[in-house]
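Welcome, and please load the model in your viewer. We will take a short walk through its charged side chains, one selection at a time.

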Amino acid sequence: MLAFQKRVPLFAARNVKQKLLTGVLPRCGKSNKALLQTLSSVNAHTVTKDEELCLRDVFDLPTQTTVGSQWYHRGKPTGLLMESRFLSPKSFRAAGKEAVAEAQALVQKVVDAKTTKEKRQVIKCLDQLSDALCRVMDVAELVRQVHPDSNWQAAADQVYSTMLDYMNGLNTHVGLYRKLVEVIDDSSIKSTFSTVELAVAESFRRDFERSGIHLAKYAHERFVELSSSIHDLSRDFIRCQSQLPEETRTVDVPLNVLRTLPSPVMMYIMQTARTRKRSDGTAVARIVPDGYIVHFILRDCEDSDTREAVYCMWQRGSSGAVNSLEQLLEDRLSLSHTVGFDSFAHMSLDDKMARSPAHVDEFLRGLAAQAKPQWSSIIDSLMRTQAHSGQSGVAGINPWDRDYWVSRQQMDSGALPSLSPYFSLGRVVLGLSRVFKSLYGVEFRATTPQPGEIWHPDVRKLEVVDENGRLQGIIYCDVFTRNSKAHIGAAHFTARCARRVDDDIAVSDAPQSHSSQTVVEKDGKRFQLPVVVLICDFPLPAEGSPPLLSWSNVETIFHEMGHAMHSMLGQNGFHNVAGTRCPVDFVELPSILMEHFARSPQVLSTFASNYETGAPLPTELIAKHAERRRKYAALDLHTQLFMSALDQRYHSKVLDPSAGNGKSSSPGWSTRSLASVSEDPMFTSGIGGSKIFNYVQGTRWQSRFTHLIGYGASYYAYLFDRVLAGQIWDRVFQGDKPFVQSRSGEDHHSGPLNREAGERFKNEVLRWGGGRDPWQCVAAVLDNGKTSKDEVNAVAQGSKTAMRIVGSWRLPDL
C-alpha cells in the first residue's frame, strides 16, 4: 500500500495504490504477436476499436509470451522510467550528483533573494528544489525494492545514502529557514499567494521547525542527538523482528494434534521442526513459532492447550525488541519536549486532521460505542459454539481460542465457490479503467515500454488519458511475486510528481530538459506529468491460466489504483503538495473509497466474468461472500481500535502510569501500559463487561507492533479514513441505495458509477492533493444536500466536535 504516507522533513523523499460496456467479454482473438504489433502501433492519443480487449490481454496472457519478454533485451536503452539520466548504474550515480548540484544552485537563489520579485520566487525555488531531489531519490528507493540487478541496487543504495545526508543538511539550513520566514511574514508578498501556494509555504515552514531549526544552540544539539538515537533504535527494533528466537522460544507439540492442519503446513513443520518421543511414547515436534505456523495452529488445531502454548510463546516477543522500543518511545517524548510540545502525539498530530490526542480519543471512543453491540453479539455467538462443543466451563473466549471458534463457525456454514475464476487480472484492470472513465473521464491505455524503460519483463505500462486523448500520467504495474523483489506487500511509489515547469527558476546546473513524454502543455503552460509505480505481491499464474485474483486481491489493486488516481488527478502546480502528498490521516481516503467500488455488485457486473466460459459473476454468490466477510468485521475493528489506542498511549505525555510524578519509567513499562489499555471499558463486550482483547501474563505483544516505527501516534488514520470513505460512498456515490433497473434496461439512478458524483469528488478532494485543508475538502464533498448544513459547517471547522461527529458515523461494513 502507499500504506500510510506521513509528512516527513522538508526535503525528504515521500515513498512510501462513460457508457458502461456490460455483458460478457470474449477472449481476444489476436495472437500474441499480433497483439504486440497492435500495441506498438497505437499512438498514446489514438483509440482503436478493440483497445479494451488488448488492455485486458496485456495482463492476462502468459508472462513469457507477452509484451515484456518481446522487447526487454532488445534495442538501445532509453532510460529507466523514460528518464534519459537513468541508463545504467553509473549514469544513475551521476544523476544523483546532478540533482544535488541543481539543488545547491537553487539554495543559493533562495539565500540571495533580496528584491520583492526574487522573494516572490522563494516558494517556487524551494518546491523546484524538492522536486529535483525527489525525482532521483524516490526512484532510488524504488530500485532498492524491486530491481533484480544487484549493480542497480548497489548504485541506488549509494545514491540514496548520499542524498539523504544532503537532505538532512538542508533540513537544518538556517539561511533557507530565515529567508522562508521573511517571505511568509511579509504581508505584501503573502497576500499574492494562491491557496495552494500558501499551503506549500506553510508546510515548508512547519517541517523546518519540526527539525528543530528555530531552537537555541544547546536545544538544537539535543534535538540532533535525539533524532540520531531514534533512527538507530528504530533500525534495532525492526532488526529484532527478523532475528531467530532463542532456543528457549520453542514449543513441543504432539504430532497427533496437528492432523487438522492443512497438508502444506504439516509438511512444512515436519521439514523444519525436530521431532522426538516423550517417555510415554508420544511423538512431538519441537516448533519455533513463526507467523506462518502460528496462524494455522490458532485457526485449525483442535487442542486448546496446544493453541495456548503456541500463542503465549509467540507473544513473548524479543527482550531486545522491547528494550529498543521503550528507549525509542522515551526519546520521542524527549524530542517533543525539545521543540515545545507536551508529547510526541501532540507534535505528530499538529498538522494532521485530528490535530490533538484528545480529538483522536474522541473519535476512537465514538467508533467503539457504535461497534460494541456487534462485537458483543459475535462473542456471545462464539461462546455458544464453544459451549456446544463440550467446553462450557471456559469463561469467555481466550485470545488463543478466538480464531479457532470463528473458523469452526465458518466451516459449519459450508464452503463457498471461489470468486477467483471471475477475477482474471486483465478483467480487473479493464474494470478499473471503466470505473475511472465513468467517474472522472479518464481511462487506461496499454502501451509498449521502450528498451530499458522498465526493470523486469513482468512490468506493464499504462498511460492515463482523458476523453480527448490527452495524456494525464503514467502508471507502471509490477504486481507479481519474485525472489528479486522485496516483500513489501502492496505499495504505491511516486517516481515523479505533477507540477508546473514553464515558470521554473533557471539555474546553470539543472538537467538539459525534462522527458518529452511526461511534459505537456495546458492553456499555454507546461506541466510535468505524474509517474507512479504500483507494487503488489500476487502469485504467478498457473500454466495455461491467466493470473486469477482473490476478492481480497481485487480490493488490494483497487486500493492502490485509488492512490494512483490521486497522483494522476492531484495536479495543483506544486510538487510538495501534489497528489498523495497530504496528511497521513487523509491520504488513505481515495484508496479506501476505491475498495467500496471493488465490493459493489453494480461495479463488479461491468467486468467480472469467468475466464473460461465467459459467464458473468452471479450476484447471489457475491452476496454470500460479502455476508460471510461482514459477519466478523466488528472483531477486526475491535483489534484496530485497540492498536490505535495503544499507539496513542505509547506516545502520550505519561508513558508509565505506574510511575509517580516526576519519576522516570522503569524497564517493562510498555508491557504494563499494554495491560492497562486492555482494561479500558472501551474494549469490553456487553456481556458482563468481559474483555475481548485480554492481556495474557508474560506476553509482550508490543514487541511485534512494527507500525509504531513509521506511524507513531498516527495508527488511527486508517480507521479514520475508513469512516470518511464510508460516508462519501453512502452520501455521494449512493452506495447505500439498491440498484433498481427498469424493464427497458435503463437504471433509475446510476448508483456508484455516477459522473456527477465522480466530478464532485475529483474537484473537491483529488485535484487539491495536499494544497487545501482536508476538513474543507471533506465538508465540501459532503455538502450535496444529503448532509445537514450544521454538520457540514462543524466538519469544516475540524474541531473536537468534528472528530466526535466522524466517530458517530457508521462503518458500512459493520
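Start by selecting D656, which is buried, at a relative accessible area of 3% (buried means under 20% relative accessible area, exposed over 50%, partly exposed in between, with a 1.4 Å probe and protein chains only). Before going on, note that this is a predicted model, where local features need pLDDT of at least 70, side-chain atom pairs count only at pLDDT 80 or more, and totals for chains, interfaces and linings use all residues. Residues are numbered from 1 along each chain as its sequence is written, and side-chain values use heavy atoms, leaving out hydrogens and water.

D656 sits in the loop between α24 (633-650) and α25 (669-678) and R672 in helix α25, so the pair ties together parts 16 residues apart in sequence (helices are DSSP runs of H or I, at least four residues, and strands are runs of E, at least two, numbered from the N terminus). R672 is partly exposed, at 33%.

Next, select D252 and R276, whose side chains form a salt bridge at 2.7 Å, N to O. D252 belongs to strand β1 (residues 251-254) and R276 to strand β2 (residues 274-277), so this pair ties together parts 24 residues apart in sequence.

For a last stop, pick the salt-bridge network that includes E83, R85, K124 and D502. Across the whole structure, a search finds 59 salt bridges.

Notes:
A salt bridge is a side-chain nitrogen of Lys or Arg within 4 Å of a carboxyl oxygen of Asp or Glu.
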